[in-house]
Amino acid sequence: MAIRTIAEYQAAGESPEIVFWVGCAGSYDARAQKITRALCTILEHAGLSFAILGEEERCTGDPARRAGNEFLFQMTAAMNIETLNMYGVKKMVTACPHCFNTLKNEYPELGGHYEVVHHTQLLNELIKDGKLKLKEGGDFKGKRIVYHDSCYLGRANDVYEAPRALLEALDVDLVEMKRSRQNGLCCGAGGAQMWKEDEPGDKRINVERIEEAIGTDPQGVAANCPFCITMLQDGLKAKEKNEQIPVYDLSEMILTRL
Amino acid sequence: MLHTIVFVLLFIGASWFAWRGFSRIRRNILLGKAEVVAGDKSARWRNVLLVALGQKKMFKNMLPAVLHLFIYVAFIITQIELIEIIADGVLHQHRLFAPMLGGLYTFIISFIEILSVLALVATLIFLSRRNLLHVPRFRKPELKGFPSLDANLILLAEILLIIGIFSMNGADTVLQGRLPEVYHHTGNFAVSSWLGPALFGNIASNDTLMFIERFGWWLHLSVVLGFLCYLPYSKHLHILLAFPNTWYASLSAKGKMENMPEIQKEVRIMMGLDQPDGAAPAELPEFGANDVMSLRWTNILQAYSCTECGRCTAACPANQTGKKLSPRKVMMDVRDRADEIGANLDSGKFTLENYQDGKSLFDYISPEEIHACTTCNACVEACPVLINPLDIILQLRRHEILTQSAGPSEWMPMFNAIENAGAAWQMGQARDAWKNE
């Protein structure tokens, strides 16, 4: 993929319309890399000029801060803000709700003021503005898809409608779990749980969540967060349903309709 | 005369006792760190009006919300009758407001009576739901002992109060028919006009009726005064503290964590982004919170506002999957610890200037509990009075990592990766290697 960094834009005397904040999961996790590429393809298709930070992007510090390591958070945040401000970044999109939350809510106090959107919001905007036209039909038309709200997009930031509007644009047969929107159940990864074993208990949280999803008898699960996707897929594996029920990021579903 | 003296002494005594209790609560709340709560006054008023007064968040669950509303409205409206009881008690009058208000009086008392019946129904349902039905959030370990008793005591007090109201009004109704020159006609009350004759109509002795009327009057008054004195020791403090608590609740996005400006400053100096201002810290500072004094005072206010309903714990993904974490327990622990410190200060065992009783919040809340949190905000969303258990959990985590240098060892590789490689995982590949596929 010919993706340009913001440094390359600047060297050419140009500036992109938006910066794509890829995040650690989107950069390194094999599953999330697919989401990263899907989003890039869509943005290219929509004719939106975008840049990544490449090697200059660092972890936003979300897991460090939530684990309690404020020193590390402040360090990595200060470095990111230095970089973003140096390039004069105004608007960013990210496919990770944790990055989204930190960039949007926690960086302003530290001197980083940007307009930050989650990719489901941006894709929705592009469709509404007619910049992104979806082909008729597609793999998902009429398919029974259950949607999982991530905590950091949902409760943390009150974004419930943008992802659902995309599912509507995809003509899926959207099913909701009993615990959805404000009452959505966590996948189990947040608060730096992703990096540690569970505390002793009866059950893993992702298994509890995927059982609820499976209960809706879906043909697929739609999500908006790379960590949720990992957790939900692990849950499906534990229930030996990973062959029958795929987990998609919304960008991957949109990709099939270009 | 004796009646008036007993009344005034009882009233003053109870008020003094209650005042002492509330002063202690206030002092305990202010054990927390100073915090200036600024920002959008209209949004704060909206929270007080909608969430505390309007009980908006209760209505996520219809049936308990409606039943709770009956008790809540009955409680508030009954205070109008209480004003009359106090005025009658001091002036040794009987139904002082009846001649002044006329038909309006009949209406107000009837309204109180109807709500009292609804409140009685709600109370009986709540009692059986709490004690007979298996509602999981009422069966958690943190409710064993006093918290369960506390809840039942208040429900029983509610029943006593209603018995008081109807014996007073019921006997009065019968007496109005027999001794109109003493018991002036008040118009027909909605419930007592038929309940009174049905219960007490067969009692021939007017003296007995008068006794029942007085019994109801004193019972009503005693339950209210007793309740007032008991409040500072009970979860039912929420009926008062829900109002300030919703006012002081955070207005920012739930996902935003409280910044630590002292660390921000330190890090910026260390990185050469800011110049040191010369003022080197006198002693090694403690970061995060391990006790009531290192939490913010609004955290302690929240702890005292908690009525232990357990909606937070029922919504908690960790709790639902059998982990030890219960957000309600976190709030109860903070309150119990504040009570403990308060009691030690009152007994003169310790002074606030140099408080060292060898204990901390970590004697109440184990690392296992705070490590189980996914920061999902379900507890924050669930609370009907805008309490934020997550904020406290995160301050405890900060203390563990920053001050105790403890915490789950599995987090070390993540910390190292962020510090050394700028990524949450230490990977042997370029950050943009995903482009090459």
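The model is predicted, so I took local features only at pLDDT of at least 70 and side-chain atom pairs only at pLDDT 80 or more, while totals for chains, interfaces and linings use all residues. Residues are numbered from 1 along each chain as its sequence is written, chains are lettered from A in the order in which they are written, and side-chain values use heavy atoms, without hydrogens and water.

I then checked the span of α3(B), residues 62-91. Helices are DSSP runs (H or I, at least four residues), numbered from the N terminus. The expected span is 1.5 Å times one less than the number of residues; for these 30 residues that gives 44 Å, and because the end C-alpha atoms are 44 Å apart, the two agree. Just after α3(B), I found B:His92 with a positive phi of about 50°.

Next I turned to the interface. Contact (heavy atoms within 4.5 Å) takes in 59 residues of chain B and 68 residues of chain A. I recorded a buried area of about 5800 Å², of which carbon and sulfur atoms give 61%; this is the accessible area (1.4 Å probe) lost on putting the two parts together, summed over both. B:Trp425, B:Arg431 and B:Trp434 supply 16% of the area that chain B buries against chain A, more than any other three residues.

I counted 4 salt bridges between chain B and chain A, taking a side-chain nitrogen of Lys or Arg within 4 Å of a carboxyl oxygen of Asp or Glu. B:Arg398 and A:Glu70 are joined by a salt bridge, at 2.8 Å from N to O. On the side of chain B that touches chain A, α10(B) gives the most, with 6 residues.

A:Arg31 pairs with A:Glu252, the closest N and O atoms lying 2.8 Å apart. That pair links helix α3 (residues 30-45) and helix α11 (residues 250-255) of chain A, across 221 residues.

Terms used:
Helix = DSSP H or I, 4+ residues; strand = E, 2+ residues; numbered from the N terminus.
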